[in-house]
Amino acid sequence: TRASTMALCQDTLFAAVNGGIELLNFGGVRKYSLPFNDVEGSPLYLDIFGDHLCVATSGNYLKLWDVKPREPKPQVPGRQFEDRNCVIKSVKVNCNGTKISILCNHLDEHGVAQADHRVFVYDVE
């Protein structure tokens, strides 16, 4: 596969491909696509918990969808992670889609990524 990262929910495979996310069946047939614009960047990290898909992008944007309906419904259309000196390393969504935890690397004065030991929590509501 060409996917940089993937996540599985029920009978759907979510694959980060070509700057977006493709929703595939187990036969590899595309059912739906979630596009991303140039400002948001490409999807880097995916997390699914229950009916919620959380995505962090190369532009440090967070997006959240309810994937229960046939076509995913945006819950957070795109919010940029505010800390400009951090690069997102991981995201996790809670079971009801109301909180997103974020781990990141901190950029030092030379632009070198260093481990950041803080956990950020984004409250969707």
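Trainee: Is C95 buried or exposed?

Mentor: Quick caveat: this is a predicted model, where local features need pLDDT of at least 70, side-chain atom pairs count only at pLDDT 80 or more, and totals for chains, interfaces and linings use all residues. Residues are numbered from 1 along each chain as its sequence is written, and side-chain values use heavy atoms, with hydrogens and water left out. Buried means under 20% relative accessible area, exposed over 50%, and partly exposed in between (1.4 Å probe, protein chains only). C95 has 52%, so it counts as exposed.

Trainee: How many disulfides are there?

Mentor: A disulfide is a pair of cysteine sulfur atoms within 2.5 Å. The count by that rule is zero. C86 is buried, at 1% relative accessibility, but its sulfur sits 3.0 Å from the closest cysteine sulfur, that of C104, so the two are too far apart for a bond. For C95, the nearest cysteine sulfur belongs to C9, 14 Å away.

Trainee: Which residues touch the most other members of the largest nonpolar core?

Mentor: In soluble globular proteins, nonpolar side chains tend to be buried together. A nonpolar core is a set of buried Ala, Val, Leu, Ile, Met, Phe, Trp, Tyr and Cys residues joined through side-chain atoms within 4.5 Å. Here the largest has 14 residues, and F81, I88, V91, I100 and I102 touch the most other members.

Trainee: What does I88 touch?

Mentor: Using contact as heavy atoms within 4.5 Å, and not counting residues up to four places away in sequence, I88 touches Y45, A56, N60, L62, F81, I102, L103 and C104. Another core, of 13 residues, lies apart from the largest one, and includes L34, F36, I48 and W65.
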